Amino acid sequence: MNVLVRGAISALGQRVLAAELTEPRFHLEYASTDDTDRAAQFARCDVIMVDQEPLAEEDFALLRRVRLVQRLGRGQYDISGELAAAQAHGVPVAHNKSGFAAAATAEHTVMAALALLRRLPDADAFVRSGEWRTSNRFDAATRQLAGASVALVGMGRVGTAAARLLSAFGADVGYFSRTRLTPPRERELDVTYRPLAELLPAADVVSLHVRADAADYRFGAAEFALTRPGCYFVNTSRGGLVDEAALASALRSGRLAGAALDVFAAEPLAPGSPLDGAPNLLLTPHIAGRTREVAEMYFRSACANIARLEEGRPLRDLIEPMTRGAH
């Protein structure tokens, strides 16, 4: 079975693929950027493994014998065009949907909240600048997570994992979700449900944990106006869920004391972003769920699915076909 890998793959990923997809059962190739080689590679592949950038309709015209599109991830990309083209050509698409990154993303969320509350970037710069030699403006100037009120917007895998960690730190955790947890589950997680209009004004930290298509959770000027003055905001979910101009305005006005973002409306973050120059902003490059451990699990899961195809067994994590007229 010919397996073609499209996209930049880490050294760790290459090691896993080489160990799992071995000759003579599998023939592994990495996609060329040369048009001639690319066309030949596409024509002979049975499975195409894709990370990040979606396949286009013209790609499927070249994928004459492909039996599976196996995705590793999607990043910030809209893959609806890829799904529509795959469906039109009768090709199934599988996507790692097993929640491998939930624990890592929850850890990053708590780390970001702590860094904001303890003013970690500023404190580091303060020590490096030499100012500490004459005074210590950070003495009694930071806050602790224990006793803080944290609002989780969304209570899926990541929200649930974050709630467990935050409760262990002694935070008072409230949440809002489209579907409320059962009372026993709320007691188990030590969380309290509140409508969004009640949750935001009471929170010291607000953290977003919803899907990219949850448009009714979008944070804009109205939502930031509901937050308690001096609140902190964390987003490790999807950048498109936040109005970045409204966020920057809330930071500049002091409505928000700070924000930590791992995701952005456009990635990589480009010059001229509304966030440029916004104060008290901690930025990371979409790495919350991209630890070594998570990456290895993603590659192993993808390889296992390809093995299932070769063995004639049912595939896992298939994306449902798009309904007619959907975008």
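Colleague: How should I read accessibility here: is R128 buried or exposed?

Modeller: R128 counts as exposed, at 68% relative accessibility. D124, at 37%, counts as partly exposed. This is a predicted model, in which local features need pLDDT of at least 70 and side-chain atom pairs count only at pLDDT 80 or more, while totals for chains, interfaces and linings use all residues. Residues are numbered from 1 along each chain as its sequence is written, and side-chain values use heavy atoms, with hydrogens and water left out.

Colleague: With which residue does D124 form a salt bridge?

Modeller: Side chains of opposite charge can pair when their charged atoms come close. A salt bridge requires a side-chain nitrogen of Lys or Arg within 4 Å of a carboxyl oxygen of Asp or Glu. D124 forms one with R128, and the closest N and O atoms are 2.8 Å apart. Both residues belong to helix α6 (residues 120-129); because they are 4 residues apart in that helix, about one helical turn separates them. Helices (H or I, at least four residues) and strands (E, at least two) are DSSP runs numbered from the N terminus.

Colleague: Which residue does D46 meet in a salt bridge?

Modeller: The partner of D46 is R65, at 3.0 Å from N to O. This pair also links distant parts of the chain, 19 residues apart: D46 is in the loop between α2 (35-44) and β3 (47-51), and R65 is in the loop between α3 (57-62) and β4 (68-73). D46 is buried, with a relative accessible area of 9%, whereas R65 is partly exposed at 41%.

Colleague: In what order do the strands of the open sheet stand?

Modeller: Strands of a sheet pair through backbone hydrogen bonds, either parallel or antiparallel. Two strands count as paired if DSSP finds at least two bridges between them. Here 5 strands form an open sheet with parallel pairing, in the order β2-β1-β3-β4-β5. The edge strands are β2 and β5 (93-95); each has a single partner strand, so one side of each has no neighbour in the sheet. From one strand to the next, the twist averages 20°.

Colleague: Over how many bridges do β1 and β2 pair?

Modeller: Strand β1 (residues 2-6) pairs with β2 over 4 bridges, and N2 has H27 as its bridge partner in β2. The pairing of β4 with β5 runs over 3 bridges, with V93 in β5 as the partner of V69. Between β3 and β4 there are 5 bridges, and V47 is partnered by L68 in β4. The chain passes from β3 through α3 to β4 in a right-handed β-α-β crossover; right-handed means that, with the strands pointing away from the viewer, the path from the first strand over the helix to the second runs clockwise.

Colleague: Which strands does α12 lie across?

Modeller: Helix α12 lies across β1, β3, β4 and β5, running at about 170° to β4. Helix α2 lies across β1, β2 and β3, at about 135° to β1. Such angles run from 0 to 180 degrees between N-to-C directions, the axes being lines fitted to C-alpha atoms, for helices over the stretch in contact; contact means heavy atoms within 4.5 Å. Strand β4 is mostly covered, with 6 of its 6 residues buried.

Colleague: How many residues are in the largest nonpolar core?

Modeller: A nonpolar core is a set of buried Ala, Val, Leu, Ile, Met, Phe, Trp, Tyr and Cys residues joined through side-chain atoms within 4.5 Å. The largest one has 28 residues, and V206, L208 and F233 are among those with the most contacts inside it. Elements giving two or more residues to this core include β6 (149-153), β9 (205-208) and α11 (244-253). The largest share, 5 residues, comes from α11. A second, separate core of 25 residues includes L145, A161, A162 and V191.

Definitions and conventions: Buried means under 20% relative accessible area, exposed over 50%, partly exposed in between (1.4 Å probe, protein chains only).
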